[in-house]
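Subject: Structure handover and notes

Dear colleague,

I am passing the structure below on to you, together with my notes on what was found in it. Please read the notes with the coordinates open beside them.

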Amino acid sequence: MEEKKEIDIIRSVLEGDRDSYALIVDKYKVPIFNLAFRMTGSCEDASDLAQETFIKAFENLGRFDQKRKFFTWLYTIGLNIVRNHLKREKKIPLRDFAEDTDFSSRDKSLTPEHSLMRDQKVKRLNVCFHSLSDNLRELVVMRFYQELSFEEIAEISGLSLSAAKMRTYRGLEKIRERMEE
Amino acid sequence: MSRTEGCNLSVSVTFCLAGCILSRDLIYGIVEWKRKLKTKLYIDMIKGISPVQPPDDFTDRVMLKVGLCPSRYGAAKRIHDLLTRPRDLKGFRLLPESITKGQCGFYFILVSLFYLAVGMVFLRSLETISTTGYQAIWLLYQPEFSFAIAIGFAFTGISFISGQPVSVRSARFGIYLYVAAIVINSLILQIDMKLPIVILALLPLTIGSVIIGGFLAYATERYYCNAS
């Protein structure tokens, strides 16, 4: 879906064609769901939070500044919803994170032994990742899980470009330190 | 020790020192290189994890809920959206790119103190006017008007500083109300005092107050953009 077409869809939703909103949901459900999933570690919570994000975006669509990128606006809503959820549910047991992840690799060329070793490392990585503070975790998710640009991260998180870069790498550095403990 | 031996010794010491520095830098370089390599490994590992797919009926569930949302795009909703939409103020650099709720609250408290002072001045000045039997009734309410603004902004400032979730919304509403009240108050004063010359005093005061309102709105938007 091109940017111009996306704006046309938003306009038609604003004019009352609600069904067009399904196109927007289809396009962005994976990144929004994954943001919620990586932050909470629970599929059920992620599904609820992602749904809440799309509903809130629909309700506030009239306030969307059409000169901005829709994805960053939607992602900001999603991030705020996830932050509020995490504030409410402070205590999530760490052991869940090692089990609750889809480890299927994009690299299909690995042998079964290598694949097993890699999965164990990824499990450990996931536990280390979830031991980060929420602020650092969200930046690592945006940059490395979702591969957003630092400009997008800065816009979504409200940080300056340099602060976004610095904190993201601080998060990554902490993961590295904890992996080596 | 002969002069040649001394010279040789100093050359050897210099080489030793240079060697130490080089080997220290080399070791540091190797450690740094290994650290970067490991970090790169973790980045690749994270990037290699497949994204999790949402449930198959995800879009249907969202659309079902969207269908239950009330139709909100009437005239009232459009006006509400127009007034409350965050503005792109990137080209305007009166304040820093992002300001905290504490800073934003501080601006409101400052304006509150300003109106408190204005109210006190009015109170003191009108004591003499009221004894002369002056007929402009609306003028006599100016201290109360200033105190009401001071109290309103003080509450807004405190709610910002204490991090109340309604503060951005209430601040916006308060600023619109403030600007409208200032303009209406000036018009009533002008009509009530029946002196054309009054406009010369009222106009700069009104413009100044509207600029204060604009500054507060700008600070609120900056905070809002930062917070969201």
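Predicted model: local features only at pLDDT ≥ 70, side-chain atom pairs only at ≥ 80, totals over all residues.

Chains

Chain A has nine helices and zero strands, and its pattern along the sequence is accordingly written α-α-α-α-α-α-α-α-α. Of the 181 residues in chain A, 34% are buried, and among its contacts between residues at least 6 apart in sequence, 64% join residues at least 24 apart. Chain B, for its part, has eight helices and zero strands, giving the pattern α-α-α-α-α-α-α-α. Buried residues account for 20% of the 228 residues of chain B, while 79% of its contacts with a separation of 6 or more are between residues 24 or more positions apart.

Helix 2 of chain A and helix 3 (residues 43-59) of chain A have axes that come within 8 Å and cross at roughly 135°, which makes helix 2 of chain A oblique to helix 3 of chain A. The crossing is right-handed. On the side of helix 2 of chain A, the residues that meet helix 3 of chain A include V25(A), K29(A), I32(A), F33(A) and A36(A), and their partners in helix 3 include A46(A), L49(A), A50(A) and T53(A). By class, this contact has twelve nonpolar, three polar and two charged residues.

With helix 4 (residues 70-88) of chain A, helix 2 of chain A packs at an angle of about 25°, the axes being 10 Å apart; since angles under 35 degrees count as roughly parallel, helix 2 of chain A and helix 4 of chain A are described as roughly parallel to each other. Here too helix 2 of chain A passes helix 4 of chain A in a right-handed crossing. The contact is made by Y28(A), I32(A), L35(A), A36(A), M39(A) and T40(A) of helix 2 and by F71(A), L74(A), G78(A), L79(A), V82(A), H85(A) and L86(A) of helix 4, and it comprises ten nonpolar, three polar and no charged residues.

Helix 7 (residues 134-145) of chain A packs with helix 2 of chain A at an angle of about 135°, with the axes 10 Å apart, so that helix 2 of chain A is oblique to helix 7 of chain A. Helix 2 of chain A passes helix 7 of chain A in a right-handed crossing. N34(A), L35(A), R38(A) and M39(A) of helix 2 make this contact with R137(A), E138(A), V141(A) and Y145(A) of helix 7, a set that divides into four nonpolar, one polar and three charged residues. Helix 7 of chain A is itself largely enclosed by the rest of the structure, because nine of its twelve residues are buried, among them R137(A), E138(A), R143(A) and F144(A).

In soluble globular proteins, nonpolar side chains tend to be buried together. In this model the largest nonpolar core has 48 residues, of which I32(A), L35(A), A36(A), A50(A), L74(A) and V82(A) touch the most other members. Helix 2 (residues 21-40) of chain A supplies the largest share of this core, ten residues. Another core lies apart from it and has 19 residues, including Y115(B), I149(B), A150(B) and I175(B). Leaving out residues up to four places away in sequence, A50(A) touches K29(A), I32(A), F33(A) and A36(A), and also P54(B).

Two single residues

E147(A) has a positive phi of about 55° although it is not a glycine. E147(A) sits in the loop between helix 7 and helix 8 (150-157) of chain A, and it counts as exposed because it has 11 C-beta neighbours inside 10 Å. As background, most residues other than glycine have a negative phi.

L205(B) lies in helix 8 (residues 198-227) of chain B and counts as partly exposed, with 14 C-beta neighbours inside 10 Å. Its C-alpha atom is 8.8 Å from that of S186(B), a residue 19 positions away along the chain.

With best regards

Methods:
Residues numbered from 1 in each chain as written. Chains lettered and ligands numbered in written order. Core = buried A, V, L, I, M, F, W, Y, C linked by C-beta atoms within 7 Å. Helix = DSSP H or I, 4+ residues; strand = E, 2+ residues; numbered from the N terminus. Contact = placed C-beta atoms within 7 Å. Axes fitted to C-alpha atoms, helices over the stretch in contact; angles between N-to-C directions. Parallel < 35°, antiparallel > 145°, perpendicular 65-115°, else oblique. Left-handed = near helix turned anticlockwise from the far one by under 90°. Nonpolar A, V, L, I, M, F, W, Y, C, P; charged D, E, K, R; others polar.
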